[in-house]
Amino acid sequence: MSAALVAGLLAGYGIAMPVGAVATYLVALTARTSWRVGAGAALGVATADGVYALISVIGGSVLAPALRSITLPLRWASALVLVALACRSAVTGVAHYRRRRVGAGADPDAPSPVRAYLRLLGITMTNPITVLYFAAFVLAGQGEAVSGQWGAGAFVLAAFAASASWQLLLAGGGTLLGRALTGSLGRLLTSLVSSAVITGFAVHLLVSGA
């Protein structure tokens, strides 16, 4: 079981640590809102990683080939979601700036922690890279470590814990960033930079899959 725990931790940190569109959005969302909202969003990402870790150990060798046939539609769905989020972030930032809302108070348009959890869960679940990553990790030499019910369970729980710890760390960074950017101009710049980065990731997702 210890081998499965180590494999799960490596898999969880491996998929969570690279800074991508989801991480960028998570930090920006927490900076605009609060730690509770950011924590909810972070757990949404970790839950999706845990679900895909479970799918990967159950699916086995049939998982990756089956997903290749729907990778393109998943890429388009993920890109469209990212573009929608980028547009919403920019529009919200401009609207707040025009209203000259100075101060570090809570964003009136901020989602609740539950809504943030569901939003980031949905975004991460539409990312085909996540499930392909876990499938490849299990199939590429980690099969023995996660064999058996106890091993599979340990792998999934460890992957979830690793992802959750990293996402919560990012949310904490967003909280510190939010305290620093207290003015209306700071919020506007944060929203626009976040939108540009997320849009760039959406374009890269489509181009890399072409």
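I take helices (H or I, at least four residues) and strands (E, at least two) as DSSP runs, numbered from the N terminus. With that rule I placed Leu9 in helix 1, residues 2–16.

**Entry: what I am looking at**

I note that this is a predicted model, in which local features need pLDDT of at least 70 and side-chain atom pairs count only at pLDDT 80 or more, while totals for chains, interfaces and linings use all residues. Residues are numbered from 1 along each chain as its sequence is written, and side-chain values use heavy atoms, with hydrogens and water left out.

**Entry: the overall fold**

I looked up the secondary structure and found 9 helices and 0 strands in the protein. Read along the sequence, the pattern is α-α-α-α-α-α-α-α-α.

I then turned to burial, where buried means under 20% relative accessible area, exposed means over 50%, and partly exposed lies in between (1.4 Å probe, protein chains only). Of the 210 residues in the protein, 46% are buried. Accessible areas come from the Shrake-Rupley method with a 1.4 Å probe, and for residues only the protein chains shown count as cover. The protein exposes about 10100 Å², and carbon and sulfur atoms supply 72% of this area.

I also looked up contacts (heavy atoms within 4.5 Å). Among contacts in the protein with a separation of 6 or more, 88% join residues 24 or more positions apart.

**Entry: the nonpolar cores**

A nonpolar core is a set of buried Ala, Val, Leu, Ile, Met, Phe, Trp, Tyr and Cys residues joined through side-chain atoms within 4.5 Å. I recorded that the largest one has 15 residues, and that Val22, Leu26, Leu29, Ala41, Ala116, Leu120 and Leu170 have the most contacts inside it. Which helices each supply at least two residues of this core? They are helix 2 (21–32), helix 3 (35–59), helix 6 (113–125) and helix 8 (149–180). Helix 2 gives the most to this core, with 5 residues.

Apart from this core I found another, of 6 residues, among them Ala53, Phe155, Val156 and Ala159. In soluble globular proteins, nonpolar side chains tend to be buried together.

**Entry: Val22 and Thr124**

I listed the residues that Val22 touches: not counting residues up to four places away in sequence, they are Val45, Leu120, Ile123 and Thr124. Thr124 lies in helix 6. Is Thr124 buried or exposed? Thr124 counts as buried because its relative accessible area is 4%. A polar atom of the Thr124 side chain lies 2.8 Å from the backbone oxygen of Leu120.

**Entry: a patch on the surface**

I returned to Leu9, which forms a nonpolar patch on the surface with Tyr13 and Met17; together they have about 250 Å² of accessible area. Patches are made of residues with over 30% relative accessible area and no salt bridge, with like charges joined within 9 Å and nonpolar side chains (Val, Leu, Ile, Met, Phe, Trp, Tyr) within 5 Å. A salt bridge is a side-chain nitrogen of Lys or Arg within 4 Å of a carboxyl oxygen of Asp or Glu. Leu9 has 37% relative accessibility and therefore counts as partly exposed.

Leu157 and Gly8 are 149 residues apart in sequence, yet their C-alpha atoms are 7.3 Å apart in space.

Ala152 also lies in helix 8, and at 18% relative accessibility Ala152 counts as buried. From Ala152 to Leu5, 147 residues apart along the chain, the C-alpha separation is 9.2 Å.

Gly153 belongs to helix 8 as well and is partly exposed, with a relative accessible area of 30%. Gly153 and Val57 are 96 residues apart in sequence and 9.2 Å apart, C-alpha to C-alpha.

**Entry: a loop residue**

Where does Ser112 lie? Ser112 lies in the loop between helix 5 (71–98) and helix 6. Ser112 is partly exposed, since its relative accessible area is 33%. The C-alpha atoms of Ser112 and Ser34, 78 residues apart along the chain, are separated by 9.8 Å.

Notes. Polar contact = N/O pair within 3.5 Å; in protein donor to acceptor, adjacent residues only side chain to side chain.
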